[in-house]
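Hi everyone, thanks for making the time today. I'd like to walk you through a structure, so please have a look at the screen.

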Amino acid sequence: MTEIVLWVSVQELCQCGGFTEQIIVEAVDHGIAQPADGNDIADWMFDATTAHWLRKAVRLHHDLEIDWIAISMVVDLLQKNEVLEQQSRRFERQLKRFIN
C-alpha cells in the first residue's frame with residue numbers, strides 16, 4: 001500500500017491556514033509542529049496534517065487562553081488519542097471478520 005504525503009510550506013500555511021509566521025515558530029518551538037525539511041524558517045516544509053493541529057492549537061490558545069506549553073501537552077494527548085481510536089476501529093474490523 002502506497003502512502004501519499006503532501007508537503008506544505010510556511011508561506012502556504014500562512015496563506016491558506018490564516019496563521020502568522022510567529023505562530024508557526026511558536027508551535028515549532030514547543031513541539032506542536034515539526035518541520036520535516038528545511039533549516040531556515042523560509043525553507044521549512046510540513047506534512048499536510050500540520051495545518052489541522054495548528055488550527056486546534058491556535059483555537060486553544062485564543063479561545064481558552066492556554067499557554068503554548070500546555071497546548072503542546074494537550075495536542076500530544078489528542079494525537080495519541082487519535083492513534084488509539086484508529087487502532088480500535090482496525091481491531092474491531094478484524095474481530096468482526098473472525099466472528100462472522
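Let's start with salt bridges: how many does the structure hold? There is one. Keep in mind, please, that this is a predicted model. The partners are Asp76 and Lys80, and their closest N and O atoms are 3.3 Å apart. That is within the 4 Å that a salt bridge requires here.

Why can these two reach each other along the helix? Both belong to helix α4, and because they are four residues apart there, about one helical turn separates them. As for the surface, Asp76 has a relative accessible area of 34%, so this residue is partly exposed. Lys80 is at 48% relative accessibility, which again means partly exposed.

Let's stay on helix α4, which covers residues 68–99. Leu84 sits in this helix too. Is Leu84 buried or exposed? Leu84 counts as exposed, because its relative accessibility is 54% and the cut-off for exposed is over 50%. To give you a sense of distance, take Leu84 and Lys96, which are twelve residues apart along the chain: 18 Å lies between their C-alpha atoms.

Further along we meet charge. Arg89, Arg90, Arg93 and Arg97 come together as a positively charged patch on the surface. One of them, Arg97, lies in helix α4. With 62% relative accessibility, Arg97 is classed as exposed.

Which residues form a negative surface patch? They are Glu21, Asp37, Asp40 and Asp43. For a closer look, pick Asp43, which you'll find in the loop between α2 and β2, the latter being residues 45–47. Asp43 has a relative accessible area of 47%, so it is partly exposed rather than exposed, given that exposed means over 50%.

Last, let's go inside. The largest nonpolar core has 21 residues, and the members touching the most others are Leu13, Ile24, Ile32, Phe46, Trp68 and Ile71. Four helices each put at least two residues into this core: α1 (10–17), α2 (21–29), α3 (49–63) and α4. Which helix gives the most to this core? That would be α3, with six residues.

Technical notes. Residues numbered from 1 in each chain as written. Predicted model: local features only at pLDDT ≥ 70, side-chain atom pairs only at ≥ 80, totals over all residues. Heavy atoms only, no water. Patch = residues over 30% accessible without salt bridge, like charges linked within 9 Å, V, L, I, M, F, W, Y side chains within 5 Å. Areas by Shrake-Rupley, 256 points an atom, 1.4 Å probe, with all protein chains shown as cover. Salt bridge = Lys/Arg side-chain N within 4 Å of Asp/Glu carboxyl O. Lys, Arg positive; Asp, Glu negative; His and termini not counted. Charge placed at Lys NZ, Arg CZ, Asp CG, Glu CD. Buried < 20%, exposed > 50% of the residue type's maximum accessible area, 1.4 Å probe, protein only. Core = buried A, V, L, I, M, F, W, Y, C linked by side-chain atoms within 4.5 Å.
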